[in-house]
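Here's a quick briefing to read alongside the model. Take a look at the fold before you go through the points below.

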Amino acid sequence: MLKPSDIPADFPVRPCAPDAAGARTCGDCGLSWNDAVPTAWTPAPSGRCPFEYFHADADARREYVRRPIVDAAPDALTLALALAIVAPDEVARIATALAETLADGMDAGAVERAKQSALDLVAGE
Ligand SMILES: [Zn+2]
């Protein structure tokens, strides 16, 4: 994941808060931006990120983060929920659909425990 401070001050697109009005968030680097501010990079086409040029380090970090999650996930639902949080957009969509399928018909308490377990995995606990 990139931090807003990883983006050079003279880059035309500025990272914004993920909960800002109109913000879009990249599943790869985790940065958010506002497509309503027109630049050479924004509005960004669907599935693209205006900070892609700075992604190289983020890719390496994502692999580092993902592997312990795969190894440590106690079950498929927890793994799917964790990947829905950390994976790039297209993988996150598949993981979310898989999690919904796996959770269908499960006890609500078990689903909640899996969600907490997934958050703990992502946090590295
Ligand atoms: Zn990005």
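**Starting with a helix**

Let's begin with α3, which covers residues 89–103. Its 15 residues, at 1.5 Å a residue, should span 21 Å, and its end C-alpha atoms are 21 Å apart, so the two agree. (The expected span is 1.5 Å times one less than the number of residues.) This is a predicted model, where local features need pLDDT of at least 70 and side-chain atom pairs count only at pLDDT 80 or more, while totals for chains, interfaces and linings use all residues. Residues are numbered from 1 along each chain as its sequence is written.

**The overall picture**

- The chain has four helices and two strands, where helices are DSSP runs of H or I with at least four residues, strands are E runs of at least two, and both are numbered from the N terminus.
- Going from the N terminus, the order is β-β-α-α-α-α.
- Along the principal axes, the C-alpha atoms fill a box of roughly 50 × 25 × 20 Å.
- Out of 125 residues, 19% count as buried. (Buried means 20 or more other C-beta atoms within 10 Å of a residue's own, exposed means 12 or fewer, and partly exposed is in between, with C-beta atoms placed from the backbone.)

**How α2 and α3 pack**

- Helix α2 (residues 76–86) packs against α3 at an angle of about 150 degrees, with the axes 8 Å apart. (Axes are lines fitted to C-alpha atoms over the stretch in contact, and angles run from 0 to 180 degrees between N-to-C directions.)
- That angle is why α2 and α3 count as roughly antiparallel, a label for angles over 145 degrees.
- Residues in contact have C-beta atoms, placed from the backbone, within 7 Å; in α2 they include Leu77 and Leu81, and in α3 they include Val91 and Leu98.
- By class, this contact has 13 nonpolar, one polar and no charged residues. (Nonpolar covers Ala, Val, Leu, Ile, Met, Phe, Trp, Tyr, Cys and Pro; charged covers Asp, Glu, Lys and Arg; the others, Gly among them, are polar.)

- Most residues other than glycine have a negative phi, and most peptide bonds are trans.
- The peptide bond from Thr42 to Pro43 is cis, with omega near 0 degrees.
- Pro43 sits in the loop between β2 (32–34) and α1 (56–72).

- Gln116 lies in helix α4 (residues 108–123).
- Gln116 counts as exposed because it has 12 other C-beta atoms within 10 Å.

Definitions and conventions
Parallel < 35°, antiparallel > 145°, perpendicular 65-115°, else oblique. Contact = placed C-beta atoms within 7 Å.
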